[in-house]
Structure formats: structure tokens, C-alpha cells
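Here are my notes for someone opening this one for the first time. Have the sequence and the model side by side while you read.

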Amino acid sequence: MNTIESIIIAIVEGLTEYLPVSSTGHMILAERLMNVPADNFTKLFTVAIQLGAILSVVVLYWKKFFDFKRWEFYAKLIVAVIPALLLGFLFSDQIDELLESPLTVSITLLIGGIILLFIDNVFKQHTISEEKEISFGKAFMIGLWQCVAMIPGVSRSAASIIGGMQQKLTRPLAAEFSFFLAVPTMAAATGYSLFLKDWNENGVDVKGYDLILSSTQYTQAFIIGNVVAFVVAMLAIKFFIGFLQKHGFRLFGWYRIIAGIILLILFMTGYLK
């Protein structure tokens with residue numbers, strides 16, 4: 001992966017991480033379209049690039065993240081992230097295998113788009129408009145919904161926002177809580193890939209950070225990619241909250257359907273392997 005490729009993938013990550021369109025799915029497809037080798041660094045980069053996106057949420061909502069008097073806020077995030085931590089740990093290898101499948105991404109983009117067309121009509125009653133009204137039980141249920149996004153192409157943002165709406169949260173609050181929940185979720189996934197997971201490189205098991213530091217090219221790609229993802233994600237978040245409040249999910253649903261159909265055609269014609 002060269003610097004230009006890392007920047008393009010980082011832009012894709014920043015634009016899509018907090019939109020209901022699947023950032024991982026878009027990154028996988030961008031890598032395939034650019035013929036980026038599906039090696040260990042590319043797989044690691046696809047996960048570790050989330051660091052920049054995580055920091056964008058922390059910076060935009062820094063008053064809430066660093067208000068240590070609101071202990072319940074942190075406790076709710078911990079409760080909500082537990083399902084993803086458990087399932088992610090148990091099925092890490094299976095998830096890695098799915099990351100190599102553009103066909104999976106194409107199908108889930110299409111199915112997810114159809115769901116988004118109707119989701120605003122399914123969950124019409126929103127009685128919770130403030131974070132303090134979210135109970136621990138509701139936080140846990142939203143965390144369960146988020147686990148669906150372990151399948152590439154199923155948006156983490158969409159899954160957790162829909163979970164919030166199913167628990168009677170307003171669309172803006174569901175989106176905001178989804179952003180908050182992304183921080184511990186993605187931090188855990190990134191931390192695992194960098195510091196705990198063994199990557200078999202030429203017959204030798206190495207940690208993710210060792211792989212990144214093994215060459216100047218990898219290190220530059222990692223740093224530049226996260227900086228770009230940070231800036232782009234901040235802009236995307238500001239856009240998404242306002243758009244979602246006014247227009248709902250339908251436009252994103254149509255986008256996913258069109259993208260899914262195009263990608264299925266590319267796959268069936270052999271352009272995508």
C-alpha cells in the first residue's frame with residue numbers, strides 16, 4: 001500500500017464511518033478496485049485507520065467525554081460495548097475471513113439499503129430525547145444491535161442507530177449515542193489488532209504495531225491515513241446529524257441499493273474477485 005492509496009482509503013473511512021453505509025465494506029471495495037494487495041498490513045490498516053475517526057468524535061464531543069461527574073454516561077457505554085467485545089473476541093478469525101469477501105459486502109449493502117427505506121416508518125414513536133433518559137437495559141440492547149455490524153457491509157452506525165430507535169430514542173439522539181458507542185467499540189477492535197492479535201508474517205508471528213513499524217512505508221501510511229480519517233470524519237459527523245434530523249434514512253437506503261447492485265454486477269462479470 002502506497003501513500004496515495006492510504007489517503008484514498010482514509011477518506012473513504014472518514015466519510016463512511018459514521019454514515020449508515022458501512023465503512024469497512026467501502027474500504028474493502030476501495031482496496032479491491034485499486035488492486036491493493038490483501039496482505040496483513042492491508043487487513044490491519046482497515047481496522048487501525050479507525051483511530052482517526054475515534055478521535056474526531058472525542059474532539060467534537062469533548063465536553064461530554066471529559067465530564068467525569070457524569071459517571072452513568074461512561075457506565076452505559078461500558079454496558080453497551082460488552083456484547084461486541086465478547087463476540088468480537090470469540091469470532092475474530094471468522095470476521096477476518098469475511099473481510100476478504102467483496103460478495104458479502106455487495107449483498108449486505110443491498111439488503112441493508114432495502115431496510116433503510118422503511119426503517120423510519122417502522123420506528124415512529126420516539127419518547128427519549130436526552131442521553132440521561134437512556135437506561136442501562138436500553139444501552140445493552142443497542143449494544144446487541146451493534147453486533148450485527150460484524151458482518152462486512154452491515155454498517156455499525158446504522159445498526160446501532162436503528163437499535164436506538166427501536167429503544168424509542170429520537171433519530172438525533174440515537175445517532176449521537178451511536179457516535180459515543182463507536183469510541184470504546186473501535187478502540188477495543190483497534191487495540192486488539194495492534195497489541196494482542198498475532199499476525200503471521202513470513203512464518204513469524206508479530207504484533208500489529210511491530211508490523212506497522214517494520215517499514216517506513218507502512219509507518220507513513222498508518223500516520224497519514226489516521227490524520228486524514230480524523231479530519232474527514234469530523235466533517236461527515238457534522239453533516240450527518242443535520243441531514244438525519246431533516247430527511248431520515250431513505251437517501252442512504254437508495255445509495256446502498258444502487259451501490260450493492262453495481263458491485264454485484266462487477267462481481268458477476270469478474271471485475272471484482
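Which residue does E17 form a salt bridge with, and how far apart are the closest N and O atoms? The partner is R156, with those atoms 3.9 Å apart.

Before the rest, some ground rules. This is a predicted model, where local features need pLDDT of at least 70, side-chain atom pairs count only at pLDDT 80 or more, and totals for chains, interfaces and linings use all residues. Residues are numbered from 1 along each chain as its sequence is written, and side-chain values use heavy atoms, with hydrogens and water left out.

1. **E17 and R156.** A salt bridge here is a side-chain nitrogen of Lys or Arg within 4 Å of a carboxyl oxygen of Asp or Glu. The structure holds seven of these salt bridges. E17 sits in the loop between α1 (3–16) and α2 (23–33), while R156 belongs to helix α10 (residues 156–166), so the pair ties together parts that are 139 residues apart in sequence. Helices (H or I, at least four residues) and strands (E, at least two) are DSSP runs, numbered from the N terminus. E17 is buried, with a relative accessible area of 3%, and R156 also counts as buried, at 12%. For these labels, buried means under 20% relative accessible area, exposed over 50%, and partly exposed in between (1.4 Å probe, protein chains only).

2. The side chains of E131 and R70 meet in a salt bridge at 2.4 Å, N to O. E131 is in the loop between α8 (102–122) and α9, and R70 is in the loop between α5 (62–65) and α6, so this pair ties together parts 61 residues apart in sequence. E131 counts as buried at 9% relative accessibility, whereas R70, at 24%, is partly exposed. Have a look at K76 too: R70, K76 and E131 are linked in a network of salt bridges.

3. **R171 and D120.** Here the side chains meet in a salt bridge of 3.1 Å, N to O. D120 is buried, its relative accessible area being 17%.

4. **Aromatic pairs.** How many aromatic pairs does the structure hold? There are 16, counting rings of Phe, Tyr and Trp (its six-membered ring) whose centres lie within 6.5 Å; planes under 30 degrees apart count as stacked, over 60 as edge-to-face and the rest as tilted. F65 and F73 make an edge-to-face pair, 5.7 Å centre to centre with 80° between the planes. F65 is buried at 9% relative accessible area, and F73 is buried at 1%. The rings of F179 and F240 have centres 6.3 Å apart and planes at 55°, so that pair is tilted. F179 lies in helix α11 (residues 171–196) and F240 in helix α13 (residues 216–247), so the pair ties together parts 61 residues apart in sequence. F179 is buried at 0% relative accessibility, and F240 is buried, with a relative accessible area of 0%.

5. Strands β1 (residues 198–201) and β2 (residues 204–207) run antiparallel and are joined by four bridges; strands pair if DSSP finds at least two bridges between them. W199 stands opposite V206 in β2. Two residues separate the strands of this hairpin, and N202 in the turn has a positive phi of about 60°.

6. **A nonpolar surface patch.** I78, I82, L86, F140, M141 and L144 form it, with about 510 Å² of accessible area together. Patches are made of residues with over 30% relative accessible area and no salt bridge, like charges being joined within 9 Å and nonpolar side chains (Val, Leu, Ile, Met, Phe, Trp, Tyr) within 5 Å. Accessible areas come from the Shrake-Rupley method with a 1.4 Å probe; for residues, only the protein chains shown count as cover. Helices α6 (71–90) and α9 (136–146) each supply at least two of the patch residues. I82, in helix α6, counts as partly exposed at 37% relative accessibility.

7. **What the record says.** The unreviewed UniProt entry annotates "transmembrane region" over residues 41–61, 73–91, 103–123, 173–195, 221–241 and 253–272. UniProt positions are given in the numbering used here, feature names are shortened, and annotations may be inferred rather than shown by experiment. In the model, residues 103–123 are 95% helix and 0% strand, with the end C-alpha atoms 30 Å apart. Residues 221–241 are 100% helix and 0% strand, and their end C-alpha atoms are 30 Å apart.
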